[in-house]
Amino acid sequence: QVQLAESGGGLVQAGGSLRLSCAASGSIFRFNSMGWYRQAPGKQRELVAELTAGGSTTYGDPVKGRFTISRDNAKIAVCLEMNSLKTEDTAVYYCNLRYVAGVTLQYWGQGTQVTVSS
């Protein structure tokens, strides 16, 4: 069993900052990629930021230049620094982990709400 524990969501004014954290626990010792997706009401889930085990990062176009994903090398965990937040960043943010071991195993966190007020 693998669990992803998310923390750091909340309410912030436009222009402010938040930091999300996600830590994996259970039977997982490495990953191929780990990152964050988000889903706003009435919209599809979209990529926010992703980091590979090799250190490559990918960002969704709406957050480029404002969000930064990083890894905690002491454990299987990632952080997402979100700056210059906009009202359109309001969504539920989900942590995601993918591990390829013959087949692709994918795990999701329960989600954390981020609300940006104007």
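Arginine 38 touches Gln44, Arg45, Glu46, Val48, Pro62, Val63, Phe67, Glu88, Asp89, Ala91, Val92 and Tyr93, leaving out residues up to four places away in sequence. The model in which these contacts occur is predicted.

**Arginine 38**

- Arginine 38 belongs to strand β4.
- Because its relative accessible area is 5%, and buried means under 20%, arginine 38 counts as buried.
- Its side chain forms a polar contact of 2.7 Å with the side chain of glutamate 46.
- A polar contact of 2.9 Å links the side chains of arginine 38 and tyrosine 93.

**The largest nonpolar core**

- The largest nonpolar core comprises 31 residues, and those with the most contacts inside it are Met34, Trp36, Leu80, Met82, Tyr93 and Leu97.
- At least two residues of this core are supplied by each of β1 (2–7), β3 (18–26), β4 (33–39), β5 (46–52), β7 (67–72), β8 (77–82), β9 (91–101) and β11 (112–117).
- β9 provides the largest share of the core, five residues.
- Tyr93, one of the residues with the most contacts inside the core, is also the residue whose side chain makes the 2.9 Å polar contact with arginine 38.
- Methionine 34, when residues up to four places away in sequence are not counted, touches Leu4, Cys22, Ala24, Glu50, Leu51, Ile69, Ile76, Ala77, Val78, Cys95, Asn96 and Leu97.

**Strands β1 and β3**

- β1 and β3 pair in the antiparallel sense, over six bridges.
- Within this pairing, alanine 5 stands opposite alanine 23 in β3.
- The covered face of β1 consists of Val2, Leu4 and Glu6, whereas Gln3, Ala5 and Ser7 make up the uncovered face.
- Leu4, from the covered face of β1, is among the residues that methionine 34 touches.

**Alanine 23**

- Alanine 23 is located in strand β3.
- Neighbours within four places in sequence aside, alanine 23 is in contact with Gln3, Leu4, Ala5, Ile76 and Ala77.
- Ile76 and Ala77 are likewise among the residues touched by methionine 34.
- Alanine 23 and arginine 71 are 48 residues apart along the chain, and their C-alpha atoms are separated by 10.0 Å.

Conventions
Residues are numbered from 1 along each chain as its sequence is written. This is a predicted model: local features need pLDDT of at least 70, side-chain atom pairs count only at pLDDT 80 or more; totals for chains, interfaces and linings use all residues. Side-chain values use heavy atoms; hydrogens and water are left out. A nonpolar core is a set of buried Ala, Val, Leu, Ile, Met, Phe, Trp, Tyr and Cys residues joined through side-chain atoms within 4.5 Å. Buried means under 20% relative accessible area, exposed over 50%, partly exposed in between (1.4 Å probe, protein chains only). Helices (H or I, at least four residues) and strands (E, at least two) are DSSP runs, numbered from the N terminus. Contact means heavy atoms within 4.5 Å. Two strands pair if DSSP finds at least two bridges between them. A polar contact is a pair of N or O atoms within 3.5 Å; within protein, one must be able to donate a hydrogen and the other to accept it, and residues adjacent in sequence count only if both atoms are side-chain atoms.
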